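Subject: Handover of a protein model

Dear colleague,

Please find below the structure I am handing over to you, followed by an account of what was found in it. I would be grateful if you could read the account alongside the model.

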Amino acid sequence: MGEIEDGDTDHITTDVQGQKCAVAYECTAPDSVSGKDNLPLLNAVLKNPVCKLYRFPTSDNKWMQIREQMSESTLSFHIPKELISLHIKEDLCRNQELKELGDLSPHWDNLRKNVLTHCDQMVTMYQEILTELSKETGSSFKSSSSKGEKTLEFVPINLHLQRMQVHSPHLKDALYDVITVGAPAAHFQGFKNGGLRKLLHRFETERRNTGYQFIYYSPENTAKAKEVLSNINQLQPLIATHADLLLSSASQHSPDSLKSSLKLLSEKTELFVHAFKDQLVRSALLALYTARPGGILKKPPSPKDSAEETSPQDEPPQLRRQDSIPHHSDYDEEEWDRVWANVGKSLNCIIATVDKLIESDSHHKEAGGGGTSKDGDTEPSLEESITPHPKEDWYEQLHPLILTLKECMGEVVSRAKQCLTFVLLQELAYSLPQCLMLTLRRDIVFSQALAGLVCGFIIKLHTSLHDPYFLQQLHTVGLIVQYEGLLSTYSDEIGMLEDMAVGISDLRKVAFKITEAKSSDDLPVLTGRREHYVVEVKLPATVFESLPLQIKEGQLLHVYPVLFNVGINEQQTLAERFGDVSLQESINQENFELVQEYYSIFMEKMPPDYISHFQEQNDLKGLLDNLHQNIQAKKRKNVEIMWLAATICRKLNGIRFTCCKSAKDRTSMSVTLEQCSILRDEHQLHKDFFIRALDCMRSRGTQGASSEPDDPETGCLTDSKPASRRFYPVALLLVSSHLLVVWLILSLALLLAKYQ
């Protein structure tokens, strides 16, 4: 039994025993409710909120007030469009680099032409999808009925924020958020051959065991090649910029500015040189050399004429097929070492010259302009410094050294880009259509997962900005992101779970950076490439200034995504009795180890007083041990795994997600059950009213008059289609063992009759 909040009442419902169910009134905007939960900073990412107010009795016969809110997210379409734009840019750059590989032997040249043809088709398809997404102006989320549409493949299904705010007479106000979203999966591609987890394993096994039409590089080496290429593209223009700034400081005859510019130049150049101290680059250079027509280096490469010639290597240990890359005795094996080492030597010359110039300038000032330098080479410069043109001298001494540095760097970049692009050619050369389709599928799943992650991160950030411990945890440890999966291990949902597992695992490639908003556009900005993404979250200046220094300086903030799945529907009953649940078991075990890893980092880096506060709330170690025992128990439909994982996530200030096939029935049942469990365990909900509170939150009658929009997918109240916040009773989802056997026998009989 409950009471109605003061205000206009839309509807009152009664439970089966004639008791009144606690319902307040429904509002379509949070402004009608006073409090600190007006979310002024979240207007850019949340829209169309629907709120409901309840009052439930506590164990001491007082009343708690609950405000429930569901909001859509504008990021459902924004993040996929940002991501597709990055994919197009990355693929166009790769295609151009493939074209610039230079002359190749007929075998490799034909492979390159074939790869370019297919890759150009992929870019065209991505451009068409981006164009179609840009035309979408209707709903801010994708409904489950649209999950099979090709143009909406990259958009997550039913992405919503489910928020519960509790005002208790004994405890301070509390806020509980869960992001609900359909399982990230490639529904349009289908699941006939399984999902990404199985497809990627099969593809890699076949590549490793194939013939000698291409050179095998492991996924780790391919990822390393992409990383080095990305570092080259980022560092080369930065080094050139810092070199120009150094010359500008020299022309101004400013010692302090010269030191500052030299420091920046040195740091970036050292990173540049370090990127090439990898055996993969050496082995790739040899592989490319053998793919050239003739494969014979007739003369040592000169600094200005070697863009297409490759340099020395040792026998490449990373390559599984060393006999597919013959070693040539006339190949200068030390040339590459000299080439990239010249960059470091050029930098050392610049550093030495700058030190001499600054030292001589200091001596000159101490001597009142009449001193001499110990270095005979720089003496004319110091004498010239008191002439009418003193600024030209430092510039003239550093200018040729800067040119030499740029030439050496250009030589390294030319060779490294070509050889590493050749590595990427090997990945595409094998089973080209299959490789590109896997890339497309992975991009689709990752896009859906990323949109939800960015939404969850921004909401968590805005609701915890005034918690100094959270901000310290954010930049010191990072955030744990826990996904609760409710997919069965039966039929198509096996493929969905395989897609989802890979998509969530790929979120480890994502880092966040918080910046100050310079304009009215508050939407996040995405940068990076497929191996590493950075999401730039913008905050108003007043809020940004209150952040810790590390965050304001642009430190990357990392997330630890984990997935625990427990199938709960009738299809899972079939899977557990007659099918295979090993996929679910392996996923849960793997992700438990990730949670343990995060817990260890948390205990190591967070201050003791904060840890003791957590331990007083609940013994995290005990919760982890209990979770491990339940995962090992292999109990059927063990929902205890979900409760424990969710509790651990909340205790660790993490971000909670709940997912099923479409984020409707199973998801809503889980969210409402979790909310009532929190009210019982954390806010002293009267034990006799747990079921009534649960029925009230799940009841369609509490959602207002029939004239109000009820189904977020249709915008109207329908009897044939359940609303996103409505659930069928649990009893309808369970089948007794006797009825199940009868149903199975009849089904087999029908199948046999059909195929006879």
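A residue is called buried here when its relative accessible area is under 20%, exposed when that area is over 50%, and partly exposed in between. Please note that the model is a predicted one.

Although Ala663 is not a glycine, its phi is positive, at about 60 degrees. Most residues other than glycine have a negative phi. Asn48, likewise not a glycine, has a positive phi of about 50 degrees. This asparagine belongs to strand E2 (residues 46-57), and it counts as partly exposed because its relative accessibility is 43%.

Overall architecture

The protein has 756 residues, of which 53% are buried. Its secondary structure consists of 23 helices and 11 strands. Among contacts with a separation of 6 or more, 75% are between residues 24 or more positions apart.

Nonpolar cores

The largest nonpolar core holds 88 residues, and those touching the most other members are Phe272, Phe276, Trp336, Leu398 and Phe422. Helix H9 (residues 391-429) provides the largest share of this core, with 17 residues. Another core, of 59 residues, lies apart from it; Phe457, Met500, Leu547 and Phe657 are among its members. As for Phe422, if residues up to four places away in sequence are left aside, this phenylalanine touches Leu101, Trp108, Ile215, Ala287, Leu288 and Ala291.

Salt bridges

In helix H9, Arg415 and Glu411 are separated by about one helical turn, because they are 4 residues apart. These two residues form a salt bridge in which the closest N and O atoms are 2.4 Å apart. Arg415 and Glu411 are both buried.

A salt bridge also joins Arg656 and Glu674, with an N to O distance of 2.5 Å. Arg656 lies in strand E11 and Glu674 in helix H20, so this pair ties together parts that are 18 residues apart in sequence. Both Arg656 and Glu674 are buried.

Glu516 and Lys518 form a further salt bridge, and their closest N and O atoms are 3.8 Å apart. Glu516 counts as partly exposed because its relative accessibility is 25%, whereas Lys518, at 73%, counts as exposed.

The network of salt bridges links Glu90, Asp91, Arg94, Asp443 and Arg530.

Strand E7 and its partners

Strand E7 (residues 510-516) has 5 of its 7 residues buried, so it is largely enclosed by the rest of the structure. Which way do E7 and strand E9 (residues 532-539) run, parallel or antiparallel? They run parallel, and 7 bridges join them. Within this pairing, Ile514 has Val537 of E9 as its bridge partner. E7 also pairs with strand E10 (residues 557-565), here in the antiparallel sense and over 2 bridges. The bridge partner of Phe512 in E10 is Leu557.

Helix H11

Helix H11 (residues 468-476) has Phe470, Leu471, Gln473, Leu474 and His475 as its buried residues. At the start of H11, a side-chain oxygen of Asp467 comes to within 3.1 Å of the backbone nitrogen of Tyr469. Just after H11, Gly478 has a positive phi of about 105 degrees.

With kind regards

Technical notes: Residues are numbered from 1 along each chain as its sequence is written. This is a predicted model: local features need pLDDT of at least 70, side-chain atom pairs count only at pLDDT 80 or more; totals for chains, interfaces and linings use all residues. Side-chain values use heavy atoms; hydrogens and water are left out. Buried means under 20% relative accessible area, exposed over 50%, partly exposed in between (1.4 Å probe, protein chains only). A nonpolar core is a set of buried Ala, Val, Leu, Ile, Met, Phe, Trp, Tyr and Cys residues joined through side-chain atoms within 4.5 Å. Contact means heavy atoms within 4.5 Å. A salt bridge is a side-chain nitrogen of Lys or Arg within 4 Å of a carboxyl oxygen of Asp or Glu. A polar contact is a pair of N or O atoms within 3.5 Å; within protein, one must be able to donate a hydrogen and the other to accept it, and residues adjacent in sequence count only if both atoms are side-chain atoms. Two strands pair if DSSP finds at least two bridges between them.
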